[in-house]
Amino acid sequence: MDYMIGAMIKDVPVRMFAADTTELVGEAQKIHSTLPTASAAFGRTLTATALMTMLLKNENNKISVQIKCDGPIEDLLVIGNTNGEIKGDIYNPHVHIPLNQIGKLDVAGAIGKGTLTIIQDLGLKEPYVGTVELVSGEIGEDFSYYFSVSEQIPSVVALGVLVNPDGTIKKAGGYLIQLLPNHSEELIDYIEKRIGEIPTISKLLDEGHEPKEILELIFKDYKVTFTEKKKPVYHCDCNRDRFERGLISLGREELTAIVEEDGQAEILCHFCNKKYEFEKADLITLLESIEAK
Ligand SMILES: [Zn+2]
């Protein structure tokens, strides 16, 4: 079962999070009908966003992760909130390209060059916005780079998605380790050494290691104390009201044209594929609400 967990080590300036996101990514794969390479790219981004929701402190805080790229996927958007509710949209879900040189799903090839933008709405007057160039397109490294450059927090982000031969998700998950102020060079060396020694995140997930075990494995010489635990879920908060407001915002002229030319409107939510249908009478009511203003 999916879960995310936070952990710390007494008197050591480090914080860490790990997640099993198999169900979350599985749900996203079904909703968006992603093909394997796209599933891996989307799944890694969903997992990174889920891990980042562990950093949110207050109710109603929100994180939006946007990848704009020149590879066949073109565009990815994932949004998460404090409750671990995650939703995403992928511009081109039907991307499946040959495996890379080491026989893995070629996420970097599907992403290409581009930017990673993270918008954190922490309930302040302005959201915190950071953009970095993609350094590898493998997503984990790109998030590490984002944290180091944009937030000046040296971080390790490892993300993995395993796809079954039938295209469904076998396993997904990852971890995030962040060094806090006053950390020593020895601590950096230790983490780098341990990450080099342990299997890759994909292998760990495939072997059935739980998020808790993965953190304990990395910091095997320390006593890891677990803190908050959350369940990540794929959840879209769309509703008819929001799409009504969207139609109204088109303005009188455009809405009149829809009534006259199409006589109805059908809107698909990009995040969950739910269909909202507006009959002619509904559209006329919306039009009247504009006239009344
Ligand atoms: Zn929706």
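Predicted model: local features only at pLDDT ≥ 70, side-chain atom pairs only at ≥ 80, totals over all residues.

Student: Why is Thr49 called buried?

Tutor: Buried means under 20% relative accessible area, exposed means over 50%, and partly exposed is in between (1.4 Å probe, protein chains only). Thr49 has 0% relative accessibility, so Thr49 counts as buried.

Student: Where does Thr49 sit, and what is Thr49 in contact with beyond its neighbours within four places in sequence?

Tutor: Thr49 lies in helix 2 (residues 36-53). Helices (H or I, at least four residues) and strands (E, at least two) are DSSP runs, numbered from the N terminus. With those neighbours left aside, Thr49 touches Ile63, Val65, Val78, Ile79 and Gly80; contact means heavy atoms within 4.5 Å.

Student: What makes helix 1 mostly covered?

Tutor: Of the 11 residues in helix 1 (residues 22-32), 8 are buried. They are Thr22, Leu24, Val25, Gly26, Ala28, Gln29, Ile31 and His32. These buried residues pack against several elements, including strand 2 (12-20), helix 2 and strand 5 (85-90).

Student: Which residues of helix 4 are buried, and what do they pack against?

Tutor: In helix 4 (residues 140-150), the buried ones are Gly140, Asp142, Phe143, Ser144, Tyr146, Phe147 and Ser150. Among their packing partners are helix 2, strand 3 (62-69), strand 6 (114-121) and strand 7 (128-133). Helix 4 is followed by Gln152, whose phi is positive, near 55°.

Student: How do you know that Lys68 and Asp75 form a salt bridge?

Tutor: A salt bridge is a side-chain nitrogen of Lys or Arg within 4 Å of a carboxyl oxygen of Asp or Glu. For Lys68 and Asp75 the N to O distance is 3.3 Å, so the pair meets the 4 Å limit. Lys68, at 42% relative accessibility, counts as partly exposed, and so does Asp75 at 23%.

Student: What makes Glu277 and Lys275 a salt bridge?

Tutor: Their closest N and O atoms are 3.8 Å apart, so this pair also falls within 4 Å. Glu277 is partly exposed at 40%, and Lys275 is partly exposed at 46%.

Student: How many salt bridges does the structure hold?

Tutor: There are 16 salt bridges. One of them joins Glu207 and Lys203, at 3.2 Å from N to O.

Student: Why is Glu192 called exposed?

Tutor: Glu192, in helix 5 (residues 185-197), has 54% relative accessibility and therefore counts as exposed, the cut-off being over 50%.

Student: Which residues gather in the patch of negative charge on the surface?

Tutor: Glu185, Glu186, Asp189 and Glu192 do. Patches are made of residues with over 30% relative accessible area and no salt bridge; like charges are joined within 9 Å, and nonpolar side chains (Val, Leu, Ile, Met, Phe, Trp, Tyr) within 5 Å.

Notes: Residues numbered from 1 in each chain as written. Heavy atoms only, no water. Areas by Shrake-Rupley, 256 points an atom, 1.4 Å probe, with all protein chains shown as cover. Lys, Arg positive; Asp, Glu negative; His and termini not counted. Charge placed at Lys NZ, Arg CZ, Asp CG, Glu CD.
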